[in-house]
Amino acid sequence: MTTVRKKRSLEARRNSWGWFFVAPGILFFSTFSLYPICNALWTSFHNKKLLSLKPPKFIGLQNYAKVLSSPDFWNSVRASATFCLGVFLPIFIASLLFGVLIASRTRGRRFYQLALYSPAILSSVVTASVWAIMFDPRGLANQLVNGLMGTPGIDRRWLADSTMVQISTMLVYIWKTVGYYTILFVTGIGKIPASVIEASIIDGANPWQRLTRITMPLLKPTMALVSVMIFIGSLKTFSTQYLFTQRGAPLEPINVLTLNIYNTALYEQNLGRASVMSLLLFATLLVLSGIQVKAAGSGEDM
Amino acid sequence: MKRILTVLLLVSLAASAAVAQAPTVPGIKGKSIEINFWTHDDANRNPMEKELIAEFMAANPGVTVNYSSYPSGKIFEKLTTAFAANQGPSIFNVAIGNAVSFLDNGRVAPVDYKAIGLRNAAALEGLYLPGMLSAVKRDKDIYGLPLELTNMCLYVNKKMFREAGLDPDKDYPRTWEDVMALSEKIVQRDGQIITRRGFDFRTDAYPNTFIPMVEQLGGEYVSKDGKTAIIGDEAWIKALQFMKDFGPTGKNLGAPTYTAARTAFDKNKGEVAMSFSGLYQEARMKNTNPDFYNSKDWMVVPFPQWKDAKKRVTANYSGHYYMVNVQSDKLVQKASWVLLNYMLGHGERYLEKVAVVQPTKKLTQSATYRAMPYSDVFTKDFDAAKIVYIGPASSRLSSLLKAAIESVEVGGEDPRVALEKLRKAAQAALDDVE
């Protein structure tokens with residue numbers, strides 16, 4: 001009886017230390033994540049205007065009805081979905097390819113990793129500004145494409161045409177993020193036990209067989225993780241679309257959800273509707289995060 | 001020794017005279033306050049204002065002024081975020097179309113007339129040209145002091161006109177049809193890519209320049225009672241068709257995706273022959289390209305009209321008013337008005353260094369104003385101008401207008417389709433306010 005009591009008090013003491021150590025994390029999460037989420041939920045049922053000092057009125061589901069019946073919102077859903085699907089395959093394939101290439105090298109590995117990763121550390125605004133200059137009709141993008149295709153003087157209308165402007169935002173995003181996902185693949189490949197590779201070499205497997213029969217199957221959890229992360233990341237894209245529209249690009253083709261939320265909150269000053277859109281985006285991200293956690297979990301099993 | 005003492009005496013007298021220029025805040029003695037001052041970037045204005053603030057702080061040792069400036073495209077976002085969190089600065093300015101939401105949501109303090117040595121609102125209005133404070137007047141009170149009110153005219157590069165075989169003094173554009181025809185004569189391209197534009201619009205100033213195009217033809221963005229969006233469809237369609245014809249899917253004469261026309265104009269590198277801007281552009285030109293400013297290669301002409309215009313409408317003017325945060329401490333509010341009154345009391349200095357015009361009777365009648373190149377052109381247009389649309393939905397209406405124009409000009413959308421979309425969205429924005 002005394003031993004059990006002692007054990008319990010020891011456990012309680014341990015638990016209290018556990019609480020002590022996780023308390024800052026919980027506090028941080030509650031302040032900067034949980035509270036804003038709850039606040040957005042509350043705001044979504046009120047007619048809260050950004051600058052108004054009057055107490056907001058409860059309006060039930062009116063904001064939800066307005067948003068869900070708005071063509072502008074559905075255009076944003078389309079723009080976000082197009083962007084996600086448009087960047088997914090290029091990022092996935094390019095980062096996997098670079099990951100495999102870097103992992104297979106013994107010399108200069110760090111240099112290639114750094115070179116690929118460097119765009120990711122640039123501020124999104126700087127990135128978008130630099131690319132906007134390149135997409136100027138007299139900029140590098142037209143010169144390069146026309147030079148390669150032997151079509152001098154053709155304006156590809158990178159920021160003007162409704163299809164091209166979507167491709168332009170995708171190009172910027174791919175360029176900026178591919179290095180990050182490459183690092184994830186390099187790490188994933190690094191986690192494959194050397195003994196398995198060595199055994200396949202002894203068995204006479206050539207490099208292609210090693211890649212397709214050993215590396216790829218064992219990389220599946222990383223692939224799942226990267227896939228979900230690409231979707232989550234691309235749904236949160238904002239800066240490039242924002243900056244391009246500031247530089248004269250038409251809004252409608254690239255009015256992704258995040259940009260619509262920003263404009264609804266800032267220019268319409270309608271926090272209620274902006275909150276509804278934020279929550280819908282949050283729900284989508286939550287589902288994707290659930291898949292990501294599962295994928296990461298299955299990665300640990302490896 | 002006597003000489004040294006005399007010099008010291010003169011220096012101290014001069015220093016005290018400089019300090020004495022700045023007024024002291026009533027009731028500040030023994031107290032210390034902090035004024036947070038947010039404004040937009042201006043390479044000419046910011047250093048000058050810092051000097052004036054330093055003088056004010058020297059005269060008021062208990063006052064600390066924290067002066068911050070932000071890019072003009074960003075300051076609205078910064079202010080809105082800060083005010084939404086009830087952390088707005090003590091003094092701020094933003095374009096009047098955006099400032100109205102601060103004003104109508106009770107975020108701005110009325111002018112402290114007594115603190116600036118005036119009896120009442122009427123006395124303050126008496127200092128300005130008629131109607132210049134209407135935008136910031138609510139009931140009987142005034143809620144802002146004008147930093148600048150700007151109307152836009154057309155800057156013309158005479159050299160580029162001559163290079164195109166034109167006589168700038170005779171051939172400068174009077175009508176929108178002229179603007180298009182001259183652009184076609186001046187434009188140079190490398191294939192489809194424009195290397196020289198005859199003219200280009202200002203993407204940040206459609207309420208100032210595009211709406212008057214519609215109004216000249218009898219249309220309106222918002223009805224007089226503020227309840228209906230888009231009046232006069234034919235006027236709108238004609239103006240939007242002009243934009244479509246002008247843009248890359250039409251005659252390919254310019255587009256918002258090229259370098260801002262006024263910036264390219266000042267550089268005088270043969271990129272743009274005509275550009276819209278206010279009088280302040282002269283100071284920017286003088287600063288960035290003094291050789292061009294001092295040459296006789298540029299001029300300013302009135303805002304164009306349609307050939308079949310129903311009425312003469314010049315560019316709408318917009319403005320910046322300095323405002324004071326009503327949530328600031330009362331003494332901070334008082335000190336803020338005293339500081340603003342002191343700063344803006346140097347109207348001629350603002351005009352000389354920044355070329356911004358405060359619409360005071362004194363300044364507009366001054367020799368300094370009249371000596372500014374082409375100030376008479378701006379004045380004549382200004383006399384016929386009205387302020388840009390300001391209302392509770394003006395920020396939203398402004399961004400919707402931009403989207404509609406650029407969907408037609410850049411995206412090649414049919415003007416009728418774009419107009420219908422604009423009507424629906426603008427009406428929804430107006431209905432939302434009610």
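**Figure 1. Salt bridge between Asp42(B) and Arg284(B) in the predicted model**. The two side chains meet at 3.5 Å, N to O; a salt bridge is a side-chain nitrogen of Lys or Arg within 4 Å of a carboxyl oxygen of Asp or Glu. Between domain 1 and domain 2 of chain B, the count of salt bridges is 2. Residues are numbered from 1 along each chain as its sequence is written, and chains are lettered from A in the order in which they are written. In this predicted model, local features need pLDDT of at least 70, side-chain atom pairs count only at pLDDT 80 or more, and totals for interfaces use all residues, while side-chain values use heavy atoms, without hydrogens and water.

**Figure 2. The two domains of chain B**. Domain 1 comprises 27-150 + 318-381 and domain 2 comprises 153-316 + 392-432, with bounds from an automatic or database domain assignment. Their centres, taken over C-alpha atoms, are separated by 29 Å. To the contact (heavy atoms within 4.5 Å), domain 1 of chain B gives 26 residues and domain 2 of chain B gives 24 residues.

**Figure 3. Area buried between domain 1 and domain 2 of chain B**. About 1800 Å² is buried, 55% of it on carbon and sulfur atoms; this is the accessible area (1.4 Å probe) that two parts lose on being put together, summed over both. Of the area that domain 1 of chain B buries against domain 2 of chain B, 35% is supplied by Tyr374(B), Phe378(B) and Asp381(B), more than by any other three residues.
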